[in-house]
Amino acid sequence: TAPGPRSYTTLRDEAVKLFNSLQQLESERDPVPLMQGVLQTCLDLPPLVDEIYCQLVKQTTEPPAPGGQGDLHYWQLLTCMSCTFLPSPPVLRFLRFHLDRTENRFPASEMAKYACFIREALGKTKGRECVPSLEEILVLMQRQEMICTVHCPGAPACSVAISSHTTAEEVAQELVSRLGLSQSPNLFALYEQSRQREQPVGSATLLADVLTRFE
């Protein structure tokens, strides 16, 4: 299930807990739930976003085993962070320098590929209502897109590739084009349906947030 409401202590104590989680991440066999927990804490406690960015930059600078499993786990969490939160301007400048330095030092490496992906994501990220779902984290770890299935009245279900930044309006426009309805005078929108209700999805809503709510 998606993360629920949590109780927190002081920011200092939560920062220490996050640091311990990052230390655990290095050797974690299944890092996805731990990553989601870190992201949820940052969503609930925005002052910690910069702290985690700085910690991740530190952990991916001069690692004992560049490109090893532990190092890549940190890069994968940094990837998820970049698709969820924007750091403050000073931290963003520091992060961009770190990305450039990594690409220059380790060209064509996995770290360089993550650095390139993160730089592009930071140019699109505007903030999230929800942290990435477990499925989204898994695809972000591989720098891939998610496949979203949309059911269309009177037509077969359509599979659409989406990123962490894809809006409902963008998906609706793609489906209208696919179904040959570009010249139709009608307006089209996406709806999310659960057992309790059916409601339209706002045009600017990120589809990734909708999928997290369904998780």
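Analyst: Leu-190 counts as buried, with a relative accessibility of 10%, where buried means under 20% relative accessible area, exposed over 50% and partly exposed in between, computed with a 1.4 Å probe and protein chains only. The model is a predicted one, in which local features need pLDDT of at least 70 and side-chain atom pairs count only at pLDDT 80 or more, while totals for chains, interfaces and linings use all residues. Residues are numbered from 1 along each chain as its sequence is written, and side-chain values use heavy atoms, with hydrogens and water left out.

Leu-190 lies in the loop between helix H8 (168–178) and strand E3 (191–193); helices (H or I, at least four residues) and strands (E, at least two) are DSSP runs, numbered from the N terminus. Leaving aside residues up to four places away in sequence, Leu-190 touches Val-150, Ala-168, Val-171, Ala-172, Leu-175, Gln-199, Pro-200, Val-201 and Leu-207, a contact being heavy atoms within 4.5 Å. The C-alpha atoms of Leu-190 and Glu-169 are separated by 8.0 Å, although these residues are 21 apart along the chain.

Pro-89, by contrast, is exposed, with a relative accessible area of 53%, and is found in helix H5 (residues 89–105). Its C-alpha atom is separated by 9.9 Å from that of Asp-50, 39 residues apart along the chain.

Elsewhere, helix H4 (residues 69–82) and helix H6 (residues 110–122) pack at an angle of about 10°, with their axes 9 Å apart, the axes being lines fitted to C-alpha atoms over the stretch in contact and the angles running from 0 to 180 degrees between N-to-C directions. H4 and H6 are therefore roughly parallel to each other, since angles under 35 degrees count as roughly parallel, over 145 as roughly antiparallel, 65 to 115 as roughly perpendicular and the rest as oblique. Among the residues that make this contact are Leu-72, Trp-75 and Leu-78 of H4 and Met-111, Tyr-114 and Phe-117 of H6.

As for the setting of these parts, the protein chain has 9 helices and 4 strands, which follow the pattern α-α-α-α-α-α-α-β-β-α-β-β-α along the sequence. Of its 215 residues, 45% count as buried, and residues 24 or more positions apart account for 66% of the contacts with a separation of 6 or more. The C-alpha trace spans about 60 × 40 × 35 Å along its principal axes.
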